[in-house]
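Please open the structure in a viewer and keep a selection tool at hand.

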Amino acid sequence: MSFATDPADTGPQGALSAWTQGPYLMLDETLIVEQGGLAREVNHPSRLPDPIVTGYEDGCFQPWVTVVRDSHTRRFRMWYNVPASPGNTSESHLAQLESEDGIHWLRPHRVLKTPPIQFGASILDEGPTCPDPGRRFKFGWWKNGGLQVAASPDGISWTALAEGVVLSTNHDITAIDWDPVRGRYMALVSVVPTEGSLKGRRMPHQSVSTDLVHWRQPPWQIVEPDRKAGIEKGGTQFYGMSAAVARGDLLVSMVKVLRDDLNCEPGKTAAELHDAHRPFAGLGYTVLAWSHDGERWKRETEPFLDRNPHPGTWDRAMAWVDDQVVVGDWTYFYYGGYRWGHKAERFTERQIGFAQMPRDRYVGFTAGGTPGRLLTRTAALRSSGMTVNARVHPGIGELRVRLLDETGRPYSGFDWEDCLPIKGDRVDHPVSWKGEARILEGKPLRLEFRLKQATIYSFDFK
């Protein structure tokens, strides 16, 4: 992939934007104006072999989950759905577990008292500095034709924020998120079109609000199948979108792709595909999505977290990321996994899994034995320190950065030979030059990376 040169990045009044604290992800296609000798690659998190929350022991029967880490206690807290009564497929309760490390959870689970809910476990923790401590935690779910919302001081006892539905939708998949860049809430909801080429298929829509009660109406569609992508043929639809986090000024989210027209196991007959229990019908995986403005989204079509490739595994049919949490140098992903197809064994085979990857490594640019280069847009430097998130092959790899003016000429003291070679595997390699970066503060700056046997994922300023 290559990008046309665009030497300057200006704001609405034509003023040059600034390099501020990021991170700046290689996922962001507007960041790069030119590259050569590099391969753009979607990274894939590594998963644990077994579920961390089960249907048998923990009562999980839906793929919805929220995990937060308390800023004071440092404990992890998880909310997920359990059936409101044995065998009840249309009404849920919230259940909660706690953990010291986000992987191993303390049992038994606790079933919480909430307003009546159908499906959904989407929780926001606004932290100990929340202006209204009695409403620190916010909860969004689907019931009776749309999004309903509640608040809690502790994430345990919940009180409705409004009477009934606050955002109408015709399908039961709903999530709420916070956009810290624009200081507002987002509703990521499912709507099934009633006409046109997408009729009958789940499609993610969005709305925004400043108080969780009053929303921009109606929600607008933000995802649809990519007709050019060979992987999204047939009956591609989307089981939801959630897990939005801000990385610098970019929002990164997860889209659950559903193919109910395919079998999760090969070699099954049409009769088996369409029988009453549908044991093999349906498969699902997760792709990346991102937004620059909090309203319009771009996405990948290549799976980010795919279903398990090994027959017989607990997440063979579905692997749908529903939350992500940045923990130090890592990002933790929590996903709903299904052993069988979309509608089979919902009380025992819908479980929650864990995957992780080094922080901000969603997408990288990789060079092999021949050096590759990557050039960024122009912005004014507002910092004197820089780090690079990169994996450099030990012994044979190398990464260097040089700093250019708006015409493409290197600043004195910041050329290739002035940069200390970057080696090893870190999310925050410090970058050092012979020159002092502080002398460039306020000046227009383009960054050029040169790498060999290495992958670059992001960079940041401090």
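Helices and strands in this tour are DSSP runs numbered from the N terminus, a helix being H or I over at least four residues and a strand being E over at least two. The model is predicted, so to speak of local features requires pLDDT of at least 70 and side-chain atom pairs count only at pLDDT 80 or more, whereas totals for chains, interfaces and linings use all residues. Residues are numbered from 1 along each chain as its sequence is written, and side-chain values use heavy atoms, with hydrogens and water left out.

**First stop: the loop between β17 and β18**

Select P218, which lies in the loop between β17 and β18 (220-221). The peptide bond that joins Q217 to P218 is cis, with omega about -15°. Now select L212, which is found in the loop between β17 and β18 as well. L212 is not a glycine, yet its phi is positive, at about 75°. L212 is buried, with a relative accessible area of 0%; buried means under 20% relative accessible area, exposed means over 50%, and partly exposed lies in between (1.4 Å probe, protein chains only).

For another cis peptide bond, select R107 and P108, where omega is near 5°. P108 belongs to strand β9 (residues 105-111).

**Second stop: the nonpolar cores**

A nonpolar core is a set of buried Ala, Val, Leu, Ile, Met, Phe, Trp, Tyr and Cys residues joined through side-chain atoms within 4.5 Å. Which residues have the most contacts inside the largest nonpolar core? Select W79, L94, F139, W158 and M241, which hold that place in a core of 42 residues. At least two residues of this core come from each of β10 (119-125), β11 (137-142), β16 (184-191), β17 (203-209), β19 (237-247), β20 (250-263), β21 (281-291) and β23 (318-327). Apart from this core lies another, of 34 residues, including W19, I32, F414 and I422. In soluble globular proteins, nonpolar side chains tend to be buried together.

Return to M241 and display its surroundings. Among the residues that M241 touches are A175, L188, P204, I222 and W297, with residues up to four places away in sequence not counted; contact means heavy atoms within 4.5 Å.

Grid points are joined across faces, edges and corners, and a volume is the space filled by probe spheres set on the points.

Select L124, D177, A244, V245 and D323, which lie nearest the centre of the largest pocket, among its 36 lining residues. This pocket holds about 770 Å³ of space. Strand β19 gives the largest share of the lining, eight residues. The lining comprises 21 nonpolar, seven polar and eight charged residues; Ala, Val, Leu, Ile, Met, Phe, Trp, Tyr, Cys and Pro count as nonpolar, Asp, Glu, Lys and Arg as charged, and the others, Gly among them, as polar.

The second largest pocket contains about 320 Å³. Of its 19 lining residues, Y24, D28, D249, L250 and R377 are the closest to its centre.

**Fourth stop: aromatic pairs**

Rings of Phe, Tyr and Trp (its six-membered ring) pair if their centres lie within 6.5 Å; planes under 30 degrees apart count as stacked, over 60 as edge-to-face and the rest as tilted. By this rule there are 23 aromatic pairs. Select Y332 and F354, an edge-to-face pair with centres 4.9 Å apart and 70° between the planes. Y332 lies in strand β24 (residues 330-338) and F354 in strand β25 (residues 350-358), 22 residues apart. Both Y332 and F354 are buried.

Next, select F449 and F459, a tilted pair at 5.5 Å centre to centre with 40° between the planes. F449 sits in strand β32 (residues 444-452) and F459 in strand β33 (residues 454-461). F449 and F459 also belong to one aromatic cluster with W19, Y24 and F461.

Finish at Q453, in the loop between β32 and β33. Q453 has a positive phi of about 50° although it is not a glycine, and it is partly exposed, with a relative accessible area of 26%.

How values were computed: On a 1 Å grid over the protein atoms alone, a cavity is a set of points where a 1.4 Å probe fits but cannot get out, and a pocket is an open set with protein on both sides within 12 Å along at least five of seven lines; lining residues have an atom within 4 Å of a point.
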